[in-house]
Amino acid sequence: MIDQQEWQEQDSDDFIELGEYFVPERQVQMDVVTSVIAEPREPAEILDLCCGQGRLSGALLKAFPAATVVGLDLSAAMLDTARRDLADHGARFRTEQFDLAERGWRTRAEAPAAVVSSLAVHHLDADGKRALYRDVHTMLRPGGALVIVDLVQPVGARGVELARRMWDESVREQGIAGTGGLKPYERFHELEWSCYQYADELDKPSPVLDQLNWLTEAGFTEVDLYWMKAGHAVFGGVKAGE
Ligand SMILES: C[S@@+](CC[C@H](N)C(=O)[O-])C[C@H]1O[C@@H](n2cnc3c(N)ncnc32)[C@H](O)[C@@H]1O
(Lines give C-alpha, C1' and ligand atoms only; values in the text may rest on other atoms or scores of the structure.)
Protein backbone atom coordinates (compact mmCIF):
# COMPACT_ATOMS: atom_id res chain seq x y z
CA MET A 1 0.00 0.00 0.00
CA ILE A 2 1.27 3.49 -0.92
CA ASP A 3 0.86 5.81 2.09
CA GLN A 4 1.39 9.36 0.92
CA GLN A 5 0.79 12.65 2.73
CA GLU A 6 1.81 15.30 0.17
CA TRP A 7 1.66 15.75 -3.59
CA GLN A 8 5.07 14.89 -5.11
CA GLU A 9 6.69 15.88 -8.42
CA GLN A 10 6.34 12.23 -9.49
CA ASP A 11 2.55 12.68 -9.13
CA SER A 12 2.79 15.70 -11.46
CA ASP A 13 4.66 13.64 -14.06
CA ASP A 14 2.12 10.81 -13.78
CA PHE A 15 -0.82 13.20 -14.05
CA ILE A 16 0.65 15.06 -17.04
CA GLU A 17 1.03 11.70 -18.81
CA LEU A 18 -2.17 9.98 -17.72
CA GLY A 19 -4.62 12.66 -16.53
CA GLU A 20 -6.64 12.58 -19.73
CA TYR A 21 -7.52 8.93 -18.99
CA PHE A 22 -7.79 9.24 -15.19
CA VAL A 23 -10.28 12.17 -15.13
CA PRO A 24 -13.85 11.20 -16.07
CA GLU A 25 -15.25 13.35 -18.90
CA ARG A 26 -12.64 16.06 -18.45
CA GLN A 27 -13.91 18.05 -21.44
CA VAL A 28 -17.45 18.00 -20.04
CA GLN A 29 -16.15 19.17 -16.64
CA MET A 30 -14.37 22.14 -18.23
CA ASP A 31 -17.43 22.98 -20.33
CA VAL A 32 -19.55 23.02 -17.15
CA VAL A 33 -17.08 25.39 -15.44
CA THR A 34 -16.98 27.88 -18.32
CA SER A 35 -20.79 27.67 -18.68
CA VAL A 36 -21.55 28.75 -15.12
CA ILE A 37 -19.17 31.74 -15.00
CA ALA A 38 -20.55 35.07 -16.25
CA GLU A 39 -18.38 36.23 -19.16
CA PRO A 40 -16.29 39.28 -18.20
CA ARG A 41 -16.91 41.98 -20.84
CA GLU A 42 -13.99 44.11 -19.69
CA PRO A 43 -10.46 43.15 -18.61
CA ALA A 44 -10.67 40.93 -15.53
CA GLU A 45 -8.61 38.38 -13.68
CA ILE A 46 -9.57 34.74 -13.13
CA LEU A 47 -7.54 32.57 -10.72
CA ASP A 48 -7.06 28.86 -11.44
CA LEU A 49 -5.98 27.35 -8.11
CA CYS A 50 -3.73 24.28 -8.53
CA CYS A 51 -3.84 24.77 -12.30
CA GLY A 52 -1.65 21.76 -13.09
CA GLN A 53 -0.61 21.72 -16.74
CA GLY A 54 -3.22 24.39 -17.45
CA ARG A 55 -6.05 22.54 -19.20
CA LEU A 56 -8.80 24.43 -17.39
CA SER A 57 -6.86 27.72 -17.67
CA GLY A 58 -6.74 27.13 -21.44
CA ALA A 59 -10.50 26.56 -21.59
CA LEU A 60 -11.10 29.79 -19.63
CA LEU A 61 -8.78 31.79 -21.91
CA LYS A 62 -10.67 30.47 -24.94
CA ALA A 63 -14.13 31.09 -23.47
CA PHE A 64 -13.41 34.56 -22.07
CA PRO A 65 -11.31 36.69 -24.47
CA ALA A 66 -11.34 39.73 -22.13
CA ALA A 67 -9.93 37.76 -19.21
CA THR A 68 -6.43 37.23 -17.92
CA VAL A 69 -5.93 33.89 -16.17
CA VAL A 70 -3.49 33.42 -13.32
CA GLY A 71 -2.51 29.77 -12.89
CA LEU A 72 -1.27 28.96 -9.39
CA ASP A 73 0.36 25.68 -8.41
CA LEU A 74 2.98 24.21 -6.07
CA SER A 75 4.64 22.06 -8.72
CA ALA A 76 7.41 23.54 -10.87
CA ALA A 77 6.87 20.78 -13.47
CA MET A 78 3.17 21.66 -13.72
CA LEU A 79 3.82 25.40 -13.98
CA ASP A 80 6.52 24.87 -16.64
CA THR A 81 4.13 22.72 -18.69
CA ALA A 82 1.27 25.23 -18.30
CA ARG A 83 3.46 28.17 -19.39
CA ARG A 84 4.72 26.22 -22.40
CA ASP A 85 1.29 24.94 -23.49
CA LEU A 86 -0.42 28.32 -23.05
CA ALA A 87 2.39 30.49 -24.47
CA ASP A 88 0.19 31.47 -27.43
CA HIS A 89 -1.99 33.51 -25.04
CA GLY A 90 0.93 35.81 -24.21
CA ALA A 91 0.34 38.13 -21.24
CA ARG A 92 -3.23 36.84 -20.82
CA PHE A 93 -1.78 33.85 -18.93
CA ARG A 94 0.73 34.03 -16.11
CA THR A 95 1.69 31.76 -13.26
CA GLU A 96 2.43 31.99 -9.56
CA GLN A 97 3.93 29.29 -7.37
CA PHE A 98 1.89 28.85 -4.20
CA ASP A 99 0.77 26.47 -1.49
CA LEU A 100 -3.02 26.15 -1.50
CA ALA A 101 -3.08 25.67 2.27
CA GLU A 102 -1.21 28.90 3.05
CA ARG A 103 -3.03 32.21 3.31
CA GLY A 104 -0.58 34.84 1.99
CA TRP A 105 -1.76 34.46 -1.64
CA ARG A 106 -5.37 35.09 -0.60
CA THR A 107 -4.77 38.85 -0.33
CA ARG A 108 -4.70 40.10 -3.92
CA ALA A 109 -3.95 43.49 -5.49
CA GLU A 110 -6.90 42.96 -7.87
CA ALA A 111 -10.22 41.36 -6.89
CA PRO A 112 -10.73 38.41 -9.28
CA ALA A 113 -13.87 38.06 -11.40
CA ALA A 114 -13.81 34.30 -10.77
CA VAL A 115 -11.82 31.70 -8.90
CA VAL A 116 -11.77 28.10 -10.08
CA SER A 117 -9.99 24.96 -8.95
CA SER A 118 -9.96 21.49 -10.48
CA LEU A 119 -9.15 18.28 -8.61
CA ALA A 120 -7.10 19.77 -5.80
CA VAL A 121 -9.27 21.20 -2.99
CA HIS A 122 -9.65 17.65 -1.61
CA HIS A 123 -6.03 17.95 -0.43
CA LEU A 124 -7.34 20.30 2.29
CA ASP A 125 -9.18 18.91 5.31
CA ALA A 126 -12.68 20.10 6.24
CA ASP A 127 -11.48 23.16 8.20
CA GLY A 128 -9.08 24.03 5.39
CA LYS A 129 -11.88 23.94 2.80
CA ARG A 130 -14.16 26.09 4.99
CA ALA A 131 -11.40 28.68 5.45
CA LEU A 132 -10.64 28.65 1.72
CA TYR A 133 -14.29 29.27 0.80
CA ARG A 134 -14.47 32.18 3.31
CA ASP A 135 -11.24 33.72 2.03
CA VAL A 136 -12.22 33.38 -1.64
CA HIS A 137 -15.57 35.02 -0.90
CA THR A 138 -13.75 37.97 0.67
CA MET A 139 -11.29 38.14 -2.25
CA LEU A 140 -13.81 38.03 -5.14
CA ARG A 141 -15.31 41.12 -6.67
CA PRO A 142 -19.11 41.49 -6.36
CA GLY A 143 -20.79 39.18 -8.89
CA GLY A 144 -17.70 36.95 -8.99
CA ALA A 145 -17.99 33.17 -8.92
CA LEU A 146 -16.14 30.36 -7.18
CA VAL A 147 -16.38 27.09 -9.14
CA ILE A 148 -14.81 23.89 -7.82
CA VAL A 149 -14.25 20.65 -9.69
CA ASP A 150 -13.32 17.99 -7.19
CA LEU A 151 -13.57 14.55 -5.71
CA VAL A 152 -16.32 14.43 -3.11
CA GLN A 153 -16.93 11.88 -0.37
CA PRO A 154 -20.10 9.76 -0.63
CA VAL A 155 -21.61 9.43 2.85
CA GLY A 156 -22.57 5.76 2.72
CA ALA A 157 -20.79 2.53 1.79
CA ARG A 158 -23.00 2.01 -1.28
CA GLY A 159 -22.16 5.48 -2.56
CA VAL A 160 -18.42 4.85 -2.06
CA GLU A 161 -18.65 1.56 -3.94
CA LEU A 162 -20.61 3.21 -6.78
CA ALA A 163 -18.03 6.02 -7.07
CA ARG A 164 -15.21 3.47 -7.06
CA ARG A 165 -16.83 1.31 -9.73
CA MET A 166 -17.88 4.18 -12.00
CA TRP A 167 -14.43 5.82 -11.81
CA ASP A 168 -12.79 2.47 -12.52
CA GLU A 169 -15.02 1.86 -15.55
CA SER A 170 -14.41 5.39 -16.84
CA VAL A 171 -10.60 5.00 -16.70
CA ARG A 172 -10.83 1.63 -18.40
CA GLU A 173 -13.07 2.98 -21.21
CA GLN A 174 -11.15 6.24 -21.73
CA GLY A 175 -7.84 4.39 -21.69
CA ILE A 176 -8.95 1.89 -24.32
CA ALA A 177 -10.50 4.66 -26.45
CA GLY A 178 -7.32 6.75 -26.27
CA THR A 179 -4.60 4.10 -26.58
CA GLY A 180 -6.31 0.95 -27.82
CA GLY A 181 -5.04 -0.90 -24.75
CA LEU A 182 -5.22 -1.32 -20.97
CA LYS A 183 -1.96 0.43 -20.03
CA PRO A 184 -3.61 3.59 -18.56
CA TYR A 185 -6.03 1.41 -16.56
CA GLU A 186 -3.19 -0.76 -15.25
CA ARG A 187 -1.18 2.36 -14.26
CA PHE A 188 -4.30 3.74 -12.48
CA HIS A 189 -4.18 0.69 -10.22
CA GLU A 190 -0.39 0.45 -9.92
CA LEU A 191 -0.37 4.08 -8.75
CA GLU A 192 -3.34 3.39 -6.41
CA TRP A 193 -4.88 6.60 -7.81
CA SER A 194 -8.53 6.07 -6.79
CA CYS A 195 -9.20 7.42 -3.30
CA TYR A 196 -12.39 5.31 -3.23
CA GLN A 197 -10.31 2.13 -3.51
CA TYR A 198 -6.94 3.14 -2.02
CA ALA A 199 -7.52 5.63 0.80
CA ASP A 200 -4.45 7.62 1.89
CA GLU A 201 -3.48 10.69 3.92
CA LEU A 202 -3.15 12.89 0.80
CA ASP A 203 -6.80 12.73 -0.25
CA LYS A 204 -9.39 14.22 2.10
CA PRO A 205 -12.58 14.58 0.03
CA SER A 206 -15.58 16.01 1.91
CA PRO A 207 -19.28 15.28 1.28
CA VAL A 208 -20.81 17.51 -1.38
CA LEU A 209 -23.67 18.60 0.90
CA ASP A 210 -21.18 19.79 3.55
CA GLN A 211 -19.31 21.77 0.94
CA LEU A 212 -22.47 23.44 -0.40
CA ASN A 213 -23.30 24.40 3.19
CA TRP A 214 -19.78 25.80 3.76
CA LEU A 215 -20.15 27.92 0.61
CA THR A 216 -23.47 29.29 1.88
CA GLU A 217 -21.97 29.88 5.33
CA ALA A 218 -19.09 31.79 3.65
CA GLY A 219 -21.66 34.17 2.12
CA PHE A 220 -22.06 32.75 -1.41
CA THR A 221 -25.44 32.89 -3.16
CA GLU A 222 -26.72 30.69 -6.02
CA VAL A 223 -24.84 27.82 -4.37
CA ASP A 224 -25.35 24.78 -6.56
CA LEU A 225 -24.14 21.37 -7.69
CA TYR A 226 -23.80 21.63 -11.47
CA TRP A 227 -22.56 18.16 -12.48
CA MET A 228 -21.46 14.90 -10.93
CA LYS A 229 -20.11 11.54 -12.07
CA ALA A 230 -18.01 8.79 -10.52
CA GLY A 231 -17.23 10.74 -7.33
CA HIS A 232 -16.24 13.86 -9.30
CA ALA A 233 -18.42 16.96 -8.83
CA VAL A 234 -18.60 20.52 -10.12
CA PHE A 235 -20.15 22.96 -7.66
CA GLY A 236 -19.89 26.58 -6.61
CA GLY A 237 -21.56 29.88 -5.86
CA VAL A 238 -21.62 33.58 -6.62
CA LYS A 239 -20.67 36.57 -4.48
CA ALA A 240 -23.75 38.76 -4.42
CA GLY A 241 -23.67 42.43 -5.14
CA GLU A 242 -23.46 43.16 -8.85
C1 LIG B 1 -4.82 16.19 -9.89
S2 LIG B 1 -3.83 17.58 -10.30
C3 LIG B 1 -5.02 18.64 -11.09
C4 LIG B 1 -4.40 19.66 -11.98
C5 LIG B 1 -5.36 20.55 -12.76
N6 LIG B 1 -6.11 21.43 -11.89
C7 LIG B 1 -6.28 19.73 -13.61
O8 LIG B 1 -7.46 19.60 -13.29
O9 LIG B 1 -5.82 19.20 -14.62
C10 LIG B 1 -3.60 18.35 -8.70
C11 LIG B 1 -2.78 19.61 -8.77
O12 LIG B 1 -2.75 20.20 -7.47
C13 LIG B 1 -1.42 20.65 -7.22
N14 LIG B 1 -1.24 20.68 -5.77
C15 LIG B 1 -1.33 19.64 -4.91
N16 LIG B 1 -1.16 20.06 -3.64
C17 LIG B 1 -0.96 21.40 -3.70
C18 LIG B 1 -0.75 22.42 -2.74
N19 LIG B 1 -0.71 22.14 -1.43
N20 LIG B 1 -0.59 23.69 -3.15
C21 LIG B 1 -0.62 23.99 -4.47
N22 LIG B 1 -0.83 23.07 -5.45
C23 LIG B 1 -1.00 21.79 -5.07
C24 LIG B 1 -0.52 19.67 -7.93
O25 LIG B 1 0.76 20.18 -8.21
C26 LIG B 1 -1.34 19.40 -9.20
O27 LIG B 1 -1.02 20.31 -10.21
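This tour moves from the nonpolar core to the ligand and then to one helix of a predicted model.

**Stop 1: the core.** Select Val33, Ile46, Leu60, Ala114, Val115, Leu146 and Val147. Of the 62 residues in the largest nonpolar core, these touch the most other members. Now colour strand β5, residues 145-151. It supplies the largest share of this core, six residues. Then colour by domain. Domain 1 (9-153 + 199-238) and domain 2 (157-190) each contribute at least three residues to this core. In soluble globular proteins, nonpolar side chains tend to be buried together.

**Stop 2: Ile46.** Centre on Ile46 and ignore its neighbours within four places in sequence. Its contacts are then Leu60, Ala67, Val69, Pro112, Ala113, Ala114 and Val116.

**Stop 3: the ligand.** Show the 21 residues around the ligand. Which come nearest? They are Cys50, Gly52, Leu74, Ser75 and Ser118. Next, highlight α1 (9-22) and α3 (55-63), the elements that give two or more residues to this shell. α1 gives the most, with three residues. Colour the shell by residue class: twelve are nonpolar, six polar and three charged.

**Stop 4: helix α6.** Select residues 157-179. This helix has 23 residues and spans 33 Å from first C-alpha to last, close to the 33 Å expected at 1.5 Å a residue. Pick out its buried residues: Ala163, Trp167, Ser170, Val171 and Gly175. Their cover includes α1 and α7 (183-190).

**Last stop: Gly180.** Step past the end of α6. Gly180 follows, with a positive phi near 80 degrees.

Terms used
Residues are numbered from 1 along each chain as its sequence is written. This is a predicted model: local features need pLDDT of at least 70, side-chain atom pairs count only at pLDDT 80 or more; totals for chains, interfaces and linings use all residues. A nonpolar core is a set of buried Ala, Val, Leu, Ile, Met, Phe, Trp, Tyr and Cys residues joined through C-beta atoms within 7 Å. A residue is buried if 20 or more other C-beta atoms lie within 10 Å of its own, exposed if 12 or fewer, and partly exposed in between; C-beta atoms are placed from the backbone. Helices (H or I, at least four residues) and strands (E, at least two) are DSSP runs, numbered from the N terminus. Domain bounds come from an automatic or database domain assignment. Two residues are in contact if their C-beta atoms, placed from the backbone, lie within 7 Å. A residue is near a molecule or strand if its C-beta atom, placed from the backbone, lies within 6 Å of it. Ala, Val, Leu, Ile, Met, Phe, Trp, Tyr, Cys and Pro count as nonpolar, Asp, Glu, Lys and Arg as charged, and the others, Gly among them, as polar. The expected span of a helix is 1.5 Å times one less than its number of residues.
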